[in-house]
Amino acid sequence: MAGANIPSSGVWKLYQPYWKRTNLLQLGVVALLCSASYFLGICHHGGVSASFNSTVFSAVSCDRNPPATTITGGAGMLDFAVHHGADQSSAGFPAVREFPACDVKYSEYTPCEDRTRSLRFDRKRLIYRERHCPEKGELLKCLIPAPPGYKNHFPWPASRETVWFANVPHKELTVGKAGQNWIRVDGDKFRFPGGGTMFPNGADTYIEDIDQLISLSDGSIRTAVDTGCGVASWGAYLLSRNVLTMSFAPKDSHEAQVQFALERGVPAMIGVLASIRLPYPSRAFDMAHCSRCLIQWHLYDGHYLMEIDRILRPGGYWILSGPPINWKQHWKGWNRTEEDLSEVQSAIESVARSLCWSKLKEKGDIAIWQKPVNHINCKANRKIIRSPQFCQSQDPDSAWYTKMETCIVPLPKVASPEETAGGALKRWPERLTAVPPRIASGRVVGVTAEMFLQDNELWKKRVGYYKKVISQLGQAGRYRNLLDMNANFGGFAAALIDDPLWVMNIVPTASQVNTLGSIYERGLIGTYQDWCEAMSTYPRTYDLLHADSVFTLYRDRCEMEDILLEMDRILRPEGTVIIRDDVDILVKIKSIANGMRWNSRLADHEDGPLQREKLLLVVKTYWTAPGPDRQ
């Protein structure tokens, strides 16, 4: 009707008889149907997908306080309008609530590791340094500011050696570790020479010494965990050998060590071995490492080594350097007695034997043990070695506020002493795309090999689309630290494997299926997380957050704005967020985001505008706390 070629003078003649015998209600119905037909045609023949090819997320220089980041494309602002779904007129959005900036004293606030709150808890066995999150009434309803002078980080690999002083303004480590080659101040920058307490000549040299004892280059070792990691130089330099390390350390007197690691572009978390399990599944890591990490491995009946045993894969390695290893040479420098160090080493050796570990090598300052590939012989010798016994009740993969037990977590059963419990892993990089043994064996309930392979292909398609929508996602150096807030099988991370970045894969505690073990079997890393609580990381950790159906998953579990405020806390200025969810949920999220100094646009699904699932693309604007000369 809208396209009928009728002279204007003839329109009245055409409709006059009809008008005379039709009431207003009927005419209104006809007009409504015509309009619906017209707009349906637009949906079928229009859309925004064509304009996505030129999308650019622009990064503004942070050498000075710039205006807020904008999203541009082509000759002007990109049209992110959605052509199917909820009404986006102003009448469809709730009133915008503007969230204020928090006080500058919160610029490094870590809600679940807050020092003031931690003092309420038992100091025995470092329980006070575990996660202790604020109650609902204690949650901050403000935006965590970046410190004055904050700048965009250096691109990888330059960031491995250089960090802006203004981003982590702490000199404590440069004094306390001055003789150990950890870190030094160079004008407005920190420099990281790559040293450590037990490797003052550099992490590369130290890693080469380890490589002479066990192969780090044949693809059999891909995932590692560094306990008490310092500034994570060990993990930083292992990356060049395709070994991906989860580094963790407590928030303690060594101010900001994990924060330095993250600023360098190295995977790290705040964490501590105390009374609860580490937030990783069983059989996760190919290698565990402690370089003078100050963990009392010999105490509490070997409790802490039993937790390392739980997260080590069958045949995995534990590396220890520093006290008490090579104590005959170092005891005077360590200000310890020979008797004390000898007893400690004997106790560690005894715990390792009780776990059925075999000691492979001790050379110089490095000792290496290996976990058995199965527990056939270990179970048989429990008749001789009475303690510890095997755990009977707990799920081996349960690791969210799960108490440690003084027992050995049993490996999956095998048919022969030579068989690898749980299934042998392919070498890297084949293991990335191979069906994980947990899925192939049916241990992940409701998941088949076919579903896994289809998911792989799906995320290749989706990430390809993301790179069209956000062209800078395909540019080396723009993004380094990424977080997938609901990783499923790790397909998002796998699709980005050839880019110079890393992804922390989250399996939410609200998920019905625990897939984190399968993610590790692929050679990727991640952790458990309840998004009703804060993550164990510093503000400004990540360059990009990816949230696939997170808000649907947590609907009716906690407040949407609290999840968004936590996302803002851990996102760097000018960082990007990709939220994938139902359009009605995205509309609500956008109404909150508009009050958070975020620039956001709704965008269509990769399969077109008729899908209810949409994308909300966000850029966090650049802003900082005022400097000392400003109010």
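1. Asp484 of β14 (481–484) has Asn505 as its bridge partner in β15. Helices and strands here are DSSP runs (H or I, at least four residues, for helices; E, at least two, for strands), numbered from the N terminus. The model is a predicted one, in which local features need pLDDT of at least 70 and side-chain atom pairs count only at pLDDT 80 or more, while totals for chains, interfaces and linings use all residues. Residues are numbered from 1 along each chain as its sequence is written, and side-chain values use heavy atoms, with hydrogens and water left out.

2. β14 is joined to β15 (residues 502–508) by 4 bridges, and the two run parallel. β14 also pairs with β17 in the parallel sense, over 3 bridges. Two strands count as paired if DSSP finds at least two bridges between them. Both faces of β14 are covered, with Asn481 and Leu483 buried on one side and Leu482 and Asp484 buried on the other. Buried means under 20% relative accessible area, exposed over 50%, and partly exposed in between (1.4 Å probe, protein chains only).

3. These strands belong to an open sheet of 7 strands with mixed pairing, in the order β16-β15-β14-β17-β18-β20-β19. β16 and β19 are the edge strands, each pairing on one side only. Neighbouring strands of the sheet are turned by 20° against each other on average, direction ignored. Axes are lines fitted to C-alpha atoms, for helices over the stretch in contact, and angles run from 0 to 180 degrees between N-to-C directions. β17 and β18 run parallel and are joined by 6 bridges; the partner of Leu544 in β18 is Thr576.

4. Helix α19 lies across β14, β17, β18, β19 and β20, and runs at about 145° to β18. Helix α20 (residues 583–593) is largely enclosed by the rest of the structure, because 9 of its 11 residues are buried. The buried residues of α20 include Val583, Ile585, Leu586 and Lys590. They pack against α18 (550–553), α19 (560–570), β18 (571–582), β19 (598–603) and β20 (613–620). Asp582 caps the N-terminal end of α20, with a side-chain oxygen 3.0 Å from the backbone nitrogen of Asp584.

5. Arg478 sits in the loop between α15 (449–469) and β14. Its relative accessible area is 16%, so Arg478 counts as buried. The side chain of Arg478 makes a polar contact with the side chain of Gln472 (2.9 Å) and reaches the backbone oxygen of Glu574 at 2.5 Å. A polar contact is a pair of N or O atoms within 3.5 Å; within protein, one must be able to donate a hydrogen and the other to accept it, and residues adjacent in sequence count only if both atoms are side-chain atoms. Arg478 and Asp543 are 65 residues apart in sequence and 8.2 Å apart in space, C-alpha to C-alpha.

6. Thr541 lies in the loop between β16 (526–529) and β17 (542–548). Thr541 is buried, at 1% relative accessibility. Its side chain makes a polar contact with the side chain of Thr537 (2.7 Å). Leaving aside neighbours within four places in sequence, Thr541 is in contact (heavy atoms within 4.5 Å) with Leu262, Asn481, Ile570 and Arg572.

7. For the protein as a whole, there are 20 helices and 20 strands. Of the 631 residues, 55% are buried.
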